[in-house]
Amino acid sequence: MKLTNMQADGIKICEGAQITAVALTAPDANDQIRYAAALLVTYINKSTGGQLFCLSTSDPDIPSDIHRIYIGTYDPAIQTEIRSRLDGLGSDGFIIFPYENSIAIVGNTSGGTEFGVLEFLERYVGVRWLMPGPDGADVPYHTDITIPLVPICDEPASLSRHFFGTESADTSIEWARHNRMQDTIHFHHNMSELFNPQVFQEHPEYYPDGVLPSHPDNWQPCMNDITARVAAQRIITFFEQNPDAISYSLGINDSQIYCEANPDHPLYTGKINSIGYLDLSDVYYPWINKIVESVSEIYPDKYFGLLAYWNVYDPPTKVKLHPRIIPYITDDRMSWIDPVKRLEGHKHTERWKQAAEHLAFYEYLYGSPYCVPRIYNYRMAENYKYAKDANVIAHVAELFPNFGEGPKPWISAKLQWNPEQRVEDLLNEWVVRAVGWKAAPYLLEYYNFWEYFWNTRVFVTEWYRKWADSAVRFNFLDLFDSSYLQAVSDEDLAACRLFMEQVVFHAETEGQKKRALLLMSTFEYYEASTLSYMRDTQTPRPASNEEALAILLENSRTAEIAEKRLQWLKNPPEAMQLMSPNDLFSFEGVWIWRGTERAIASSMAEWLDHSPDPGSFLSQLNMYGGDEEPIAVRNYARLIAAQCNGGLNLIKEGSNYTENITWHWTENPLTQIRTGACLIEEAHLEPGWYGAIIRLNVTEEMDVNATVNWYFHLTNEAGEIVDSVITGRIPLATTKGDLITLETIFEVGVENCKASLAFRVYEIKPGEQLDLAIQDVALYSLNLKLA
């Protein structure tokens, strides 16, 4: 190679903080190429403080004495060399090719060119997009940038890589794009579109029971030759109208309602699959094959993604899938830390390898909504290596990035591109680039603690065993149950706080300090979540007035922390935006608790009956209930005093709830597990603080493993929900004579508010029955100090 106007060791595009190059794109460059060029210009300028300009190759004023960085194009003199190298790469492959006084960054596609620009910025400028937001990128300062005279060719190990949860905020979208995530293969729930009932109003026979569905997606189409032909024609029309689309989704709806699930249907199998559901794989996959075979006669180069999920989780036994079909196998592969589940998962994957030419992995990689960092970087890395060996060509993850988990999302993105990278190197690089050399060891200790927690301690918890040992289970670990927090001790939190305080103290540059503070704030959310969660489900009976008052103060502090966490969730501060909490108030409020779950007001009322000096106890309560006390202490003291000293119950006297409890049931269509809601009272309240207590009695022995909580809405005069009162779920004791007490303290913030007092029970499985009576219920105003 001839060297002209450059040093023998490379092409110097910046010297003494002066830019000595120009970026060039073709006159007809598309939007993606222009985006990639703008990215290159932005970060080189940010790194050097200089000014790199981007021009068109047709511009007559391109300086002749300056290096040229071609983006998506190249010097015509090297066309043969470029094409021969690119021919050995896939559609997303790229080459960075230095030649004389120029550098070509070009891919087989516009996406490949963008990946090449990102590689150039990471490799030669040192840019790292660690997490979203204005402080998430680490851009080193350079006075000199030299590009070695070594061609770089690369391509991803998988053709599609996507994180759910990176589609909403602009910063998350940019972060994912800069880390080379690319959603190429369509695979998700799509039968509601393919068989849109509005399109097929004249064909109710396409649907279960021959009835046109009223629900948008709680059904599957009937799977027969007629619907296969209809589906194929719909897809052919789609590709005619969208010639650039490379894939179409044949993913089932999120439903177990199949025509073929009817025992009277001729294709009913009666077989149960490996996760405990009716196995319909030998119905669904032959039907999918027919569709794809028809479409592929006209469009042989298209892909068809789908979900190996619920009733079609297992591979078919009667057919091998068409080679253009890519099944996304849905699993929470953190469970592969457990040798038993890892063996099961590997065997399941091997069975799929016999049934399909290409595979994809669908991960439950959360992230939010877990309430402590769910870190398992080393197992995650092993899983990606295994995936490559198993011919997994696409990845997707329900991540909803939780950057309180630090490097986990970044490492995942890196390993999806190249699973051969060492996880130790990636982990160390992230912590150093995030907070600097001095702070990095403490941040690494923090993440190592949580890796150890999820790799060892979690697997002996009831939370894990309940999922792992269930004959019928979700594909994912039970994120709706936060009882794994019971395995986190106050000592654990204290150690983690010390680590994070050292991180903040030792961070040096402005960017490092900002990232350290952001990460510290995410820890404070985890800390508040754990401290306010009912890790101890029992309230000990006090042995003295002093001990009773200590319990009051301790639980007041818990309620105070819970309120702070609740406000974070309602109005997320900047750091919380890093955690992508989504709507934690959805899913029946499973991630909401108020720190009042242990029912201490009732316990204190019982203590009053045993106290040798009840007058002194009430006097102390009266003191703590004063207006000058912290609001959480004041409210708790007033609630206890109301219970102990006959406070005014705002529930009308004479109400009798013990005879007739009216339940309103909802059922999960996938699991048939029911949730029951029981409305107690509709109270009209003025602004201020209130306390509610209910006691439930088990009238007969029941064999249920359920939970129960307060769950009711506050509405304004217009009937609009202005707030929801949701407490953490407590176990529903089920032995005859058991007494379950629910307490909550809540604030009304609007005039003429209506509180629809209700409680709920959860996880009632098919065939299980409740037999509860309401022993008593009370609602107290906490706005005035009791005399």
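Visitor: Against which elements do the buried residues of α6 pack?

Guide: Two terms come first: buried means under 20% relative accessible area, exposed over 50%, and partly exposed in between (1.4 Å probe, protein chains only), while contact means heavy atoms within 4.5 Å. Helices (H or I, at least four residues) and strands (E, at least two) are DSSP runs, numbered from the N terminus. Here the buried residues of α6 pack against α5 (191–194), β13 (247–249), α7 (281–296) and β14 (303–308). This is a predicted model, in which local features need pLDDT of at least 70 and side-chain atom pairs count only at pLDDT 80 or more, while totals for chains, interfaces and linings use all residues. Residues are numbered from 1 along each chain as its sequence is written, and side-chain values use heavy atoms, with hydrogens and water left out.

Visitor: Which residues of α6 are buried?

Guide: An α-helix has 3.6 residues a turn, so residues three or four places apart point the same way. In α6 the buried residues are T227, A228, V230, A231, A232, I235, I236 and F239.

Visitor: How is the length of α6 judged, and what caps its N-terminal end?

Guide: The cap is N224, with a side-chain oxygen 3.1 Å from the backbone nitrogen of I226. The term behind such a pair is the polar contact: N or O atoms within 3.5 Å, where within protein one must be able to donate a hydrogen and the other to accept it, and residues adjacent in sequence count only if both atoms are side-chain atoms.

Visitor: How many disulfides does a search of the whole structure find?

Guide: A disulfide is a covalent bond between the sulfur atoms of two cysteines. The criterion is a pair of cysteine sulfur atoms within 2.5 Å. The search finds one: C222 and C259, with sulfur atoms 2.0 Å apart. The torsion about their S-S bond is about -75°, so this disulfide is left-handed. C222 lies in the loop between α5 and α6, and C259 in the loop between β13 and α7, so the pair ties together parts that are 37 residues apart in sequence.

Visitor: Are C222 and C259 buried or exposed?

Guide: C222 is buried, at a relative accessible area of 9%, and C259 counts as buried at 8%. By contrast, C54 is in no disulfide; the nearest cysteine sulfur, that of C14, is 17 Å away. C54 is partly exposed, with a relative accessible area of 36%.

Visitor: Let us turn to strands. How many residues of β6 are buried?

Guide: Six of the six residues of β6 (residues 94–99) are buried, so this strand is largely enclosed by the rest of the structure. Both faces are covered, with F94, I96 and P98 on one side and I95, F97 and Y99 on the other.

Visitor: With which strands does β6 pair?

Guide: Two strands pair if DSSP finds at least two bridges between them. Six bridges join β6 to β7 (residues 102–107) in the antiparallel sense, and Y99 stands opposite S102. These two strands form a hairpin with two residues between them, and E100 in the turn has a positive phi of about 50°. β6 also runs antiparallel to β11 (residues 152–154), joined by three bridges; there I96 has I152 as its bridge partner.

Visitor: In what order do the strands of the open sheet with β1 stand?

Guide: The order is β2-β1-β10, with antiparallel pairing. β2 (18–19) and β10 (145–147) stand at the edges with a single partner strand each, so one side of each is left without a neighbour in the sheet. Three bridges join β1 (residues 11–15) to β10, and I11 stands opposite I147.
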